[in-house]
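User: Please take a close look at one part of this protein for me. I want to understand its charged side-chain pairs.

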Amino acid sequence: MAASNSCVVVGAGLTGATTAWELTRHGFRVRVYEQANVVGGHIRPEWLRGIPYEPHGAHIFHTHDTEVWQLVSKLVDFAPYQHRVTIRVRSHELSWPLQRSELRQLEEWPEVQRELASIPRKVDSTNFETYCQSLMGETLYNLCIRNYTQKQWGRSPDTLSASIAHNRVELRSDEYRGLFRDPYQGWPERGYTELVEALLESSEIHLGQRITYKDLEDISLPGEPVLITSALDDFFCNELGPLEWRGVRLDSQFIPGVKLVQPSMVVNEPDVGVQWTRTIETKWALEKLHHRPGTIVMREYPGAAAKHYPVPDSAGSNKALQVSYEAQLAAYARNPLTAAGRLATYSYINMDQAVRQGLNAAHHILESR
Ligand SMILES: Cc1cc2nc3c(=O)[nH]c(=O)nc-3n(C[C@H](O)[C@H](O)[C@H](O)COP(=O)(O)OP(=O)(O)OC[C@H]3O[C@@H](n4cnc5c(N)ncnc54)[C@H](O)[C@@H]3O)c2cc1C
C-alpha cells in the first residue's frame, strides 16, 4: 500500500462518503472506518410498511450549488419536493416562516400590528432574543419563538448567539410558503442511504469501529492522509474537555388506515405545555405514496444525549474549545489530518454543504500529495 495514493476516512456519513467518492475516482485506495454497524450517519432513514421515517430528524435536500446537485442527482433519483413547515399557535395553523397576511387571524393582531409599525430599521444582533424581537416585535416573538427556543435549546434565548437566527427566523410578506428558496430541492425516491452507498461504491468499509487518534498507528501508515468527520473531542478522547451539544430524540408512531395526518411535513409546537418541539411526517416528501393508507408521525423531543446541534453560546466559549481542538489536529505529526463535516467542524451544516466539504477535503488531499 503506497501512502501517496491511499487515505483513511473516519465516519461513513455524507461528508466522509463524498470524500471517499472523489478520491476513489482519482485512483485512491480509501479505507472508511465507521463506528456504527451501518453507513449513512445522521441522514439515514428507515422504512416501515413502505413508508419512510427519519429517526435522526427530517432531512430535505436543498441547494443552489449546481455541481453538488449534479453529483447527487446523478447517483440517485430525487422526487421533487418543496418543503413546507406549519407552526401551531393555539388553534391556528400558520405558515413558517410567518407571513404577515396570516397574522390577522391572531387575537393579538392589534398589538402585533402596533409593534411591527415601530420595529427598528436595523436588527439588534446582541443575542438571539434581541435579534428576533427587533425583527418582529415582542408579542409575536413571545407567541411563536421564545418558548419553542427555550424548549429546543434548554436555555434562555438571550444566552444564545444571534447567529442561529440568521436563515432561520424571517417575517415574510411575499406569500411564498416554501421553507427554502433554493432552485434544487428534493427527497431521494428510495432514501438517503442509497446515496451514501453509491458514494462509497469503490471504498473498503470497516463497520463497528470507533476511531480515536490512538488508533491511527493500527489503521494507517505514517504520512498517510486521514479525513476526520467525527467530533474532535471524541477523536482526541476529551483531552481538552467535552464540547457542548444539544440533541433530540424522535418517537415514531405508525398510524394505520390514514393517508396523511398533518398539514405539512413539519409542524412546530411553540406551546410550552407541549413537551415536544415539532412533529414530522416524512411521507409528505414522496407524493407517489400519498394515496397509500398508513403513515408515520414522529415527535421530536429536545434534550437527548446526542450530538445534533453545536451550542453557539453568546459568550463564544464552545467555539473557543473547538478552536483549541483544531490546533491539536493541526499539530498532529504522524499523519496529515483534515477535518470536515458537521461533527468535526462543530457547526450546523446542511447536506449540500456536507457534500461540498467532502469534495473540498478530497481536493485538499489530492493537492497535498
Ligand atoms: C435534526 C437535524 C435535522 C437536519 N435536517 C436537515 C435538512 O432538512 N436538510 C439538510 O440539508 N441538512 C439537514 N441536517 C444536516 C445534516 O444532517 C448534515 O448535513 C449531515 O448529516 C452531515 O453529514 P456528516 O457526514 O458530516 O455527519 P454525520 O452524518 O453525523 O456522519 C458522521 C459519521 O461518523 C461516524 N462517527 C462519529 N464518530 C466516529 C468515530 N470516532 N469513529 C468512527 N466513526 C465515527 C458517525 O457514526 C457517522 O456515521 C439536519 C441536521 C440535524 C441535526
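Analyst: The model is a predicted one. Arg-88 has a relative accessible area of 26%, so it counts as partly exposed. Its salt-bridge partner is Glu-93, with the closest N and O atoms 2.9 Å apart. Glu-93 is also partly exposed, at 41%.

Now the part with linked pairs. The UniProt annotation "domain: UDP-galactopyranose mutase C-terminal", from an unreviewed entry, covers residues 145–348. That span is 22% helix and 25% strand. Its end C-alpha atoms lie 19 Å apart.

Take Arg-181 and Glu-170. Their side chains meet in a salt bridge, 3.9 Å from N to O. This pair links distant parts of the chain, 11 residues apart. Arg-181 sits in the loop between strand E10 (171–172) and strand E11 (184–188). Glu-170 lies in the loop between helix H5 (138–153) and E10. The 3.9 Å distance counts as a salt bridge because the cut-off is within 4 Å.

How exposed are the two? Arg-181 has a relative accessible area of 48%, which makes it partly exposed. Glu-170 is partly exposed as well, at 27%.

Arg-181 also forms a salt bridge with Asp-174, at 2.8 Å from N to O. Asp-174 is partly exposed, with 40% relative accessibility. Shared partners join Glu-170, Arg-172, Asp-174 and Arg-181 into one salt-bridge network.

For the whole picture, the structure holds 23 salt bridges.

Notes. Residues numbered from 1 in each chain as written. Predicted model: local features only at pLDDT ≥ 70, side-chain atom pairs only at ≥ 80, totals over all residues. Heavy atoms only, no water. UniProt positions renumbered as here; feature names shortened; annotations may be inferred. Helix = DSSP H or I, 4+ residues; strand = E, 2+ residues; numbered from the N terminus. Buried < 20%, exposed > 50% of the residue type's maximum accessible area, 1.4 Å probe, protein only.
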